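Subject: Structure handover

Hello,

Here is the structure we spoke about. Please open it alongside these notes.

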Amino acid sequence: MPILLDPSKAPVLQRLLEETDTSGLTWSIEQGGAQVPAGEIRVAGIANLERAGPQEISFVANPRYQAQLAEAQAAAVLVTAEVAQAYRAMLAEAGRAGEALILIICNAPYLLFARIGQWFESQLHPLPAGGIHPSAVVAPDASVDPSAHVGPLAVIESGAAVGPRASIGAGCYVGPGCRIGADSVLHPRVTLYRGVSMGARCVILSGAVLGDDGFGFAPDPSRAKGAWTKIPQFGGVRLGDDVEVGANTTIDRGALDDTLIGNGVKIDNQIMIGHNCRIGDHTAMAACVGIAGSTTVGERCSIGGAAMIGGHLKIGDDVFISAATPVHSNIDKPGQYTGFFPMTEHAQWERNAVAVRHLATMAKRLKALEKK
Amino acid sequence: MPILLDPSKAPVLQRLLEETDTSGLTWSIEQGGAQVPAGEIRVAGIANLERAGPQEISFVANPRYQAQLAEAQAAAVLVTAEVAQAYRAMLAEAGRAGEALILIICNAPYLLFARIGQWFESQLHPLPAGGIHPSAVVAPDASVDPSAHVGPLAVIESGAAVGPRASIGAGCYVGPGCRIGADSVLHPRVTLYRGVSMGARCVILSGAVLGDDGFGFAPDPSRAKGAWTKIPQFGGVRLGDDVEVGANTTIDRGALDDTLIGNGVKIDNQIMIGHNCRIGDHTAMAACVGIAGSTTVGERCSIGGAAMIGGHLKIGDDVFISAATPVHSNIDKPGQYTGFFPMTEHAQWERNAVAVRHLATMAKRLKALEKK
Amino acid sequence: MPILLDPSKAPVLQRLLEETDTSGLTWSIEQGGAQVPAGEIRVAGIANLERAGPQEISFVANPRYQAQLAEAQAAAVLVTAEVAQAYRAMLAEAGRAGEALILIICNAPYLLFARIGQWFESQLHPLPAGGIHPSAVVAPDASVDPSAHVGPLAVIESGAAVGPRASIGAGCYVGPGCRIGADSVLHPRVTLYRGVSMGARCVILSGAVLGDDGFGFAPDPSRAKGAWTKIPQFGGVRLGDDVEVGANTTIDRGALDDTLIGNGVKIDNQIMIGHNCRIGDHTAMAACVGIAGSTTVGERCSIGGAAMIGGHLKIGDDVFISAATPVHSNIDKPGQYTGFFPMTEHAQWERNAVAVRHLATMAKRLKALEKK
């Protein structure tokens, strides 16, 4: 595993849990029959249960997988109280009570596993110290907090403001008047056009472009048949707190008003969000999604990969769009929505595709038969 | 609204219209019952009709929306002669003739609105002055017009030529021998591979890549079962005048000949155009479109978002492809073409999808019933 | 044609073939009735048969096109023995034996054509000489082979290693601990996050991002209803030898293990490969493909453009997915698989789409009729 801390730096379990952010969580350590007291066992990494070794911590979030505990080798395993009970009963029945693994009983094992991962991440890849790399080009009237980091060959334009402990990666471009909140991180080679703002703890992955011109043109037949003229885009892009934007994703700035991304929204790679869209808090989108301009998506939605949502639509809260589904109408009721052609072997598809082309006729013919 | 000019810089209406590019347009100001003569009213911005305040100009392009005029607050409104007449009649009937807004009667209100927006854009975000930022790396034998701008940390390679008043954004890479026409603008972090050329007034958004290798490989079983060897791509990419290319879009260079993008073509974000494609004048494509290699698209086509066009096809002039539609055959007749599976609630889709898989059989069974 | 070498640098045919990599190939020159001995004819470029002039070499890979030979003007043509024989017979019958073109008889004409193209490419665009551009920012403890090239404004972080004759393009970011094998080439503006490794002779096109965070979040209701917390991504991305990665493509690093791309895999532009995917040797993917996390794709597969493959799936060897096809289930049998809605004129589609929404009901009604 690539994540093992050097044994000399591996914390004992008790300290690991004390230093992990466990806000909102309850946990307790159950030592079972382990030889080593939990306070002394060292944890050098995390792993999936079937691969975890005696220095790694793991988890069982789904009771379906609790049978795997019987053979597990992990230093300790995060489980719910229910799983812990079943595990004890199973060992007792098998006369193996003395072999019990150390369990960390928690109301949300997967969440605690994520938080423990964050602790390891902070050890392995601490954010760089504050300071501006000498090769960066920072406008004299830009404001960079002394605790913020600006990487090599980054550009920060006039009037931009970079907050405390924020980090601007190598080769980033931060346009005039941008606002980057505390603890937000731009990975290398991100573009923020003028006037983009984001709250605290946002993460923007490499190659993302925020605030580029929305796609707006007016027909201009005075120039040539079919010609277009540009409608300037005056709005901005505003991100709330805790937003993640994936690699090579693009978010257009608004035409007149801003494009808005709510708090806690998670946006994967290669997603395209058109101008004047509004995305509600905690909505998540998998890669390759496209959302055309002026569409509103509610809170806590899940948009599957490569789903495509048309423009000027309203999608309500708690809507789940399946992967590869095109959306061309409003959705006001929570639930899952789907629309893609089922895949088959090609020869079978060819036969069915012929029939699809004549479906309306088939429907009529069926009706005619029924009337006979 | 983010677009208001400082009142001290806001022009009076008469001057605004005189300084706006109104070529090909006819316009006249109708003061109606307005208290303030049109020559004196100051316009500090533009807005949609329902949001425009007394310092902002707006428009009614579609007679359907003319009823909104009754409540509008705008400094002045762009309308057609027909809408103006209806508005006057409406006010007269309501005994409100004295409240009439200032109207600008125009043969193409939306186009004039766009042009007025361009005037504000030129005030708010004038192109940078000519000159090369000291951090840029410009080959000694590259030719940069003195009136052109080269931003920080841009690279301009040997033999490239940058025309008058062109602007190369921060962090751009302009490869050997590229040609950038007058008044063309590369936003930050654009890549032009060697030999890419563009005409006048093109706009290339951040992250776009033009002239990367087309995807060409020959089977090379001499190396390994299933192995491929690269077919070098010797062509270039040529853009006409007035082309816009969106953020993170990619346009491959041709294998032997050039990939060609016609005059006035508008290409949104995250679009992929394969090698040796030819796109006709004034065609527009919404985001996430893909066009495979060697396909020709005619003039004045509209390609909806996420439509996918196969390789070696011919799409004629004035064709409209709906969003999310896959195109696998030539289209020689103007008109709209569509092909995507309609979205429903998931449970409904599941039932229908089962039937889709057996459609060819259903067609046979229907025929058999008809023969009874 | 843009590829003609200056006549003074054009090789004679014999030398061209000797200097081309013909490993695994057999070839012989047949002079036929040509006036100029093959040893003396100069070849200044390559072209398709119908466009090749007397200084250019061409090929006939498919016997279907051999009729074009009758009118061809090429300096020499690559053909199979079968095509050569048919050509001779055709000329003899027409009494034109004296006009025969020079033929290069080869067991794999298209492959040899590609290799000859590679020879011209090496002449026209030789890789830059070793050395580090003074504007690049290279960590003191990074290891750059003296024969490797590092372009202007590139960043190479701590502990990274760049192998012999490798080339790092302008504006690239190479993260801590990356490993770049011999003769691998990064085009301008590529991002490699920490810990990405690639073998020999890989080519990474502009704007590609390798090793960005996989999209992993755990529900965190302790923060807010519907909130998410990040699952840190500790894995890397490992590419074999001879991999090509297209422009603006993204490949996520693994959550705990690495994302793996096999030898000879060819990945086109704007492709998204999720974390922990494994792609088998010599598989090729056309542009705009998306593969969700933890999916395994076998060897020698072909994935058509804009196909979308769901997560946690297994696709076997030698599978061909058609363009625009969504894949939501495992595929364990070689063959072609397809699934997209066939395009029609829009009005026709509208009629058929209504019927699609009621397909399950139609199936029931058909069954009921059959029972009568």
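Below is what turned up, site by site. Please keep in mind that this is a predicted model.

**The annotated site**

His275(A) sits in the loop between β27 (272–273) and β28 (278–279) of chain A. Its relative accessible area is 15%, under the 20% cut-off, so His275(A) counts as buried. Its side chain makes a polar contact of 2.7 Å with the side chain of Gln233(A). Leaving aside residues up to four places away in sequence, His275(A) also touches others, including Phe215(A), Asp252(A), Arg253(A) and Ser294(A).

**Chain A against chain C**

Next, the interface. Chain A brings 69 residues to the contact and chain C brings 74 residues. About 5800 Å² is buried between the two chains, and carbon and sulfur atoms give 64% of that area. Three residues, Arg189(A), Met343(A) and Arg357(A), supply 12% of what chain A buries against chain C, more than any other three.

The polar side is there too. Seven salt bridges cross the interface of chain A and chain C. One joins the side chains of Arg51(A) and Asp257(C), at 2.8 Å from N to O. Polar contacts link 34 residue pairs between chain A and chain C. On the side of chain A that touches chain C, α3(A) gives the largest share, nine residues.

**A core in chain B**

Last, the largest nonpolar core. It has 53 residues, and Ile168(B), Leu186(B) and Leu192(B) touch the most other members. Strands β22 (237–239) and β35 (319–321) of chain B each give two or more residues to this core.

Best wishes

Note on methods. Residues numbered from 1 in each chain as written. Chains lettered and ligands numbered in written order. Predicted model: local features only at pLDDT ≥ 70, side-chain atom pairs only at ≥ 80, totals over all residues. Heavy atoms only, no water. Core = buried A, V, L, I, M, F, W, Y, C linked by side-chain atoms within 4.5 Å. Buried < 20%, exposed > 50% of the residue type's maximum accessible area, 1.4 Å probe, protein only. Helix = DSSP H or I, 4+ residues; strand = E, 2+ residues; numbered from the N terminus. Contact = heavy atoms within 4.5 Å. Polar contact = N/O pair within 3.5 Å; in protein donor to acceptor, adjacent residues only side chain to side chain. Buried area = accessible area lost by both parts, 1.4 Å probe. Salt bridge = Lys/Arg side-chain N within 4 Å of Asp/Glu carboxyl O.
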